[in-house]
Amino acid sequence: MERYVWARFFWQQARDKRGVPRRHVCDTARNNNRRPETGTAFTALCSTTVTPHPDDDDTVKGTCFAPACQVCTILLARAMNWNDGELGQLVQTFHWTHADIALLATALDITRSEARRLLTAWTDAAK
Ligand SMILES: [Zn+2]
């Protein structure tokens, strides 16, 4: 099971359309079973279309890794069957802006208020 998960998901630093770098998760099942490649756009787990930039390659000297995308982080934990309490603990390590909640809603194809309730339910389960 775990081997399957790790073969399917890859962390990849990539930039969105505005050029903002983040470490996102590539779900190969949603990207023609292909691993991320520099210069090739992919749809991240958070539903954002991102492209690995040549300057962000892991081998580039002095690269400072961008922060992890929190929506990708949560959705990867969920895909790995973390329980609600564990997800709640993870959720609380991030600050959730309206934009983050909107992105979570888009990724899960639910409304923003449903996404907000989901975050609250996970957080409550962690208590
Ligand atoms: Zn992401």
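A pocket is an open set of points on a 1 Å grid over the protein atoms alone, with protein on both sides within 12 Å along at least five of seven lines, and its lining residues have an atom within 4 Å of a point.

The model is predicted: local features need pLDDT of at least 70, side-chain atom pairs count only at pLDDT 80 or more, and totals for chains, interfaces and linings use all residues. Residues are numbered from 1 along each chain as its sequence is written, and side-chain values use heavy atoms, with hydrogens and water left out.

**View 1. The largest pocket.** Its volume is about 410 Å³. Here a volume is the space filled by probe spheres set on the grid points, which are joined across faces, edges and corners. The lining counts 16 residues; Asp16, Arg18, Arg22, Asp100 and Leu103 lie nearest the centre. By class, eight lining residues are nonpolar, four polar and four charged. Nonpolar covers Ala, Val, Leu, Ile, Met, Phe, Trp, Tyr, Cys and Pro; charged covers Asp, Glu, Lys and Arg; the others, Gly among them, are polar. E2, H2 and H4 each supply at least two lining residues. The largest share, three residues, comes from H4.

**View 2. The whole protein chain.** Five helices and four strands are present. Helices (H or I, at least four residues) and strands (E, at least two) are DSSP runs, numbered from the N terminus. Along the sequence the pattern is α-β-β-β-β-α-α-α-α. Of the 127 residues, 38% are buried. Buried means under 20% relative accessible area, exposed over 50%, and partly exposed in between (1.4 Å probe, protein chains only). Among contacts between residues at least 6 apart in sequence, 49% join residues at least 24 apart. A contact means heavy atoms within 4.5 Å.

**View 3. The zinc site.** Four atoms coordinate the zinc ion at 2.1 to 2.4 Å: His24 ND1, Cys46 SG, Cys69 SG and Cys72 SG. Donors are N, O and S atoms within 2.8 Å of the metal (3.2 Å for Na, K and Ca); water is not among the atoms, so sites may look incomplete. Angles among the four donor atoms run from 106 to 118°, and the site is tetrahedral. For four donors, that label requires all angles to lie between 85 and 135 degrees. The donor residues are spaced H-x21-C-x22-C-x2-C in sequence. His24 sits in strand E2 (residues 21-27) and Cys69 in the loop between strand E4 (49-50) and H2, so the pair ties together parts 45 residues apart in sequence. His24 is buried at 5% relative accessibility. Cys69 is buried too, at 7%.

**View 4. Helix H2.** Eight of the 10 residues in H2 are buried, so the helix is mostly covered. They are Gln70, Val71, Cys72, Thr73, Ile74, Leu75, Leu76 and Ala77. These buried residues pack against strand E1 (9-15), E2, helix H3 (84-91), H4 and H5. Asn81 follows H2, with a positive phi near 65°.

**View 5. Helix H4.** In H4 (residues 98-108), the buried residues are Asp100, Ile101, Ala102, Leu104, Ala105 and Leu108. They pack against helix H2 (70-79) and helix H5 (112-125). An α-helix has 3.6 residues a turn, so residues three or four places apart point the same way. Asp109 follows H4; its phi is positive, near 55°.

**View 6. His98 and Arg116.** His98 lies in H4. His98 is exposed, with a relative accessible area of 63%. The C-alpha atoms of His98 and Arg116 are separated by 9.4 Å, and the two residues are 18 apart along the chain.

Conventions: Four donors count as tetrahedral if all angles lie between 85 and 135 degrees; four count as square planar and six as octahedral if opposite donors are over 155 degrees apart and all others between 65 and 115; anything else is irregular. On a 1 Å grid over the protein atoms alone, a cavity is a set of points where a 1.4 Å probe fits but cannot get out, and a pocket is an open set with protein on both sides within 12 Å along at least five of seven lines; lining residues have an atom within 4 Å of a point.
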